[in-house]
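User: I would like a close look at a single part of this model, with its surroundings described step by step.

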Amino acid sequence: MILWQHRAGPRALLRLGAAAALPVLALALAFQPGRFLYWIATGSGAYLSADGSGLRPLLRAAGGLGLLALAALPLVAGLVAVTGPRRRRLRHTADLWAWLAASLGASTVGLQFFGHYFLQVVPPLALLGAAALREIHPRTAMTSMALTALISCCFVGWGFTADRTELDHAHRVADTVRAYTDPDDRVLLWGMHPEGYWLSQRAPASRYLTAGFLTNFSGGRGPARVGERYAMDGAWPYFRWELRRRPPQLIVDDARGKPYGAWRVPSLRGALERGYERAARIDGADIYVRAR
């Protein structure tokens, strides 16, 4: 990649970027540009607001950047050694620095700062680190690579040994859903874990697979601006129509005390009161079955 970018030049990179953008443009034209822009960017302005979140977004940002810096510490140290004051800068890497800056900027959109938002920073950082390794002493470069491998092994080990509380919970809820429904039944999992549909092998009763579009809830911020009135414009009329057209056989309120709970949402609370009975409670999640 480093050699290719040296030979290709800015025009070739621009052509590559234009080629990557063509499928996106085709989709926008196929689904009408206004609607396409609405669903991917402008449909939920409340989601972009950090009102009432306090320091939570900043703490998440510091945590995410801290973990990334720790994971790439040897490469970052190599970059500092090569590009610090009174040291010569890396040659022919302006596009990589621009890529890195754009990735860091994109990770701030929405002020959510989830860990996976920082994955887009990894490719340009890795390429810049590789370029820096070519400019330092070979022994120092080998030490840097060995430390990188060691840190990578530590993170992989952490991934295999970390607690899987949420995944275990999702499995228990899915087992309960299967026990109370038939394979052809549709269900509504009111929560933030759409994998429950796949785990339970039951079809969703709505196109809205999480409560986020319908309540503006996000794990990246606190309880501010959460509720039916903060939903994406036009979402609730369609959601109500879906529930009337084909009522789900089972509804799981998986909020577990969070501010988007079903009984805090008037429309969903009304549906539960009119046609459902609570059948079970699993790890704080309430299971409601359709009344006979």
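Which residues does Ile 251 touch, not counting residues up to four places away in sequence?

Analyst: In this predicted model, Ile 251 touches Leu 188, Leu 272, Tyr 276, Asp 286, Ile 287 and Tyr 288 once residues up to four places away in sequence are set aside. Ile 251 itself belongs to strand E3, which covers residues 250–253, and it counts as buried because its relative accessibility is 1%, where the cut-off is under 20%.

One of these contacts, Tyr 288, is also the bridge partner of Ile 251 in E5; the two residues lie 37 positions apart along the chain, yet their C-alpha atoms are separated by 5.1 Å. That bridge joins E3 and E5, two strands that pair in the antiparallel sense over four bridges. E5 is mostly covered, with five of its six residues buried, and it also pairs with E4, again in the antiparallel sense, over six bridges. Here Ile 282 has Ala 285 as its bridge partner in E5, and in the hairpin of E4 and E5, with two residues between the strands, Asp 283 adopts a positive phi near 50 degrees.

Conventions
Residues are numbered from 1 along each chain as its sequence is written. This is a predicted model: local features need pLDDT of at least 70, side-chain atom pairs count only at pLDDT 80 or more; totals for chains, interfaces and linings use all residues. Side-chain values use heavy atoms; hydrogens and water are left out. Buried means under 20% relative accessible area, exposed over 50%, partly exposed in between (1.4 Å probe, protein chains only). Contact means heavy atoms within 4.5 Å. Two strands pair if DSSP finds at least two bridges between them.
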